[in-house]
Amino acid sequence: MVSLDLARTPGFVRLWLSTGIYHSGFFLRSTIQGWLVLQLTNSSTWAGMVNGLPVLATAPLSLLAGAIADRSDPRRMLIWTRAATAALCFLTAYLISAQVIDVIQLLLLATALNVAYYLAFPATQVFMMALVGPERLLVANALVNGVGFGLNFVAPALAGYAAAAFGIDFVYLGIGLAYLAAMLMVLRMPRAPSPGGGPPAANVLAGLLGGVAYLRARPGLAWVFYLALLSVSGAPFHAILPAMARDELGLGAAGFGLVVGSQGIGSLVGTFALLAHGRMRRKGLAMLVGGMIWAGGMFAFGSCRELWQAMLVGAAMGLAPPLWMNSSQTVIMTAVPGPLRARMATLFSLAFQMVPLGYLLGGIMADSVGPGRALLALGAFGLLAHVPPLLSRQFRQLD
């Protein structure tokens with residue numbers, strides 16, 4: 001099996017566990033952060049702002065990430081970014097414990113955490129490609145993301161109970177310790193082998209312009225970046241969910257954790273299916289199907305009134321991330337030559353970083369029309385917006 005072969009690849013197991021923990025920690029922190037903001041302000045708009053405004057800092061800085069990944073050891077970038085996220089989580093836990101945290105401090109901390117996370121993104125992709133090669137990349141991504149999806153099944157429910165029993169500061173402390181463990185795993189890894197393919201771009205601007213020109217000549221691949229931008233319409237779910245759980249489902253922190261954790265069930269099923277299949281054709285279409293599952297789930301979630309209904313829809317929505325993330329990451333790394341990989345990862349990261357703006361949109365809509373109606377409207381829009389790529393023959397044939 002390809003997965004067993006990957007396990008024998010030097011350094012892969014540590015990268016697999018470290019990256020899975022890192023991704024899951026980011027998701028878990030964003031989720032519990034929304035609950036904390038709701039406690040501090042009683043405002044879904046503020047919850048959206050804290051999750052959304054950091055993009056103003058992360059987008060410009062991520063332009064540097066691809067250039068750095070082109071020129072330096074990606075392992076070093078992973079070490080520093082993991083160390084930074086651990087330290088910032090410990091600081092947040094201290095401020096909450098000291099009862100001096102406010103929403104502005106939380107916004108600044110969230111910005112710093114997002115900067116570290118997105119600086120690591122292109123380094124992770126380049127490192128992964130160099131370790132496993134293009135033929136094994138889909139399975140490698142499925143394994144790496146599968147750790148995060150698996151932890152998302154257990155961690156949110158545990159975090160909800162821990163927040164209710166011990167406080168949100170305890171949850172941030174646990175996330176910080178997980179980030180620290182992820183850093184130590186990377187410390188014990190060897191340097192990445194050279195990806196080959198020629199020299200990096202002369203400067204950041206030239207690199208980005210070269211990447212844009214490459215996309216313009218390949219409209220099928222350009223639709224992948226359209227779908228990445230379209231994820232803005234799916235992101236509001238995370239900003240709306242705390243208010244939906246509290247105000248329309250009547251849940252506390254523990255019930256909120258169960259709803260979030262239910263998505264992990266579907267994610268595990270989807271991940272195991274990818275691992276069992278080993279190869280997936282038409283990766284662009286798989287990405288589109290994942291987006292439509294998520295949008296349809298948002299629409300269905302807006303009609304939920306019972307915990308069991310929310311958990312059932314959440315489990316169905318959990319099928320989307322494995323399809324979306326694994327297919328998009330794989331096609332971007334395998335459809336371009338070596339010298340362009342870091343730049344493509346940077347451009348994808350830029351598109352994906354627009355996602356937090358959806359948090360802001362979701363918060364405003366939840367306060368304006370109510371969380372249920374906001375989810376219905378955004379879900380319907382998302383379903384319609386996923387139709388245009390199907391009209392592109394180049395996209396349909398993208399493998």
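**View 1. Salt bridge between arginine 305 and glutamate 248.** In this predicted model, the side chains of arginine 305 and glutamate 248 form a salt bridge, with an N to O distance of 3.3 Å. The pair joins distant parts of the chain, 57 residues apart: arginine 305 lies in the loop between α13 (283-301) and α14 (307-317), and glutamate 248 belongs to helix α11. Arginine 305 is partly exposed, because its relative accessibility is 43%. Glutamate 248 is also partly exposed, with a relative accessible area of 25%.

**View 2. Salt bridge between arginine 246 and aspartate 247.** A search of the whole structure finds two salt bridges, and one of them brings together the side chains of arginine 246 and aspartate 247 at 2.8 Å, N to O. Arginine 246 has a relative accessibility of 32% and therefore counts as partly exposed. Aspartate 247, at 47% relative accessible area, is partly exposed. Side chains of opposite charge can pair when their charged atoms come close.

**View 3. Length and kink of helix α11.** Helix α11 comprises the 13 residues 236-248. At 1.5 Å a residue the helix should span 18 Å, which agrees with the 17 Å between its end C-alpha atoms. A kink of about 25° is centred on proline 242. After α11 comes glycine 250, which has a positive phi, near 70°.

**View 4. Buried residues of helix α11.** Among the buried residues of α11 are Pro236, Phe237, Ala239, Ile240 and Leu241. Pro242, the residue on which the kink is centred, is buried as well. Ala243, Met244 and Ala245 are likewise buried.

Technical notes: Residues numbered from 1 in each chain as written. Predicted model: local features only at pLDDT ≥ 70, side-chain atom pairs only at ≥ 80, totals over all residues. Heavy atoms only, no water. Helix = DSSP H or I, 4+ residues; strand = E, 2+ residues; numbered from the N terminus. Expected span 1.5 Å × (residues − 1). Bend = angle between axes of the 7 residues up to and from the residue. Buried < 20%, exposed > 50% of the residue type's maximum accessible area, 1.4 Å probe, protein only. Salt bridge = Lys/Arg side-chain N within 4 Å of Asp/Glu carboxyl O.
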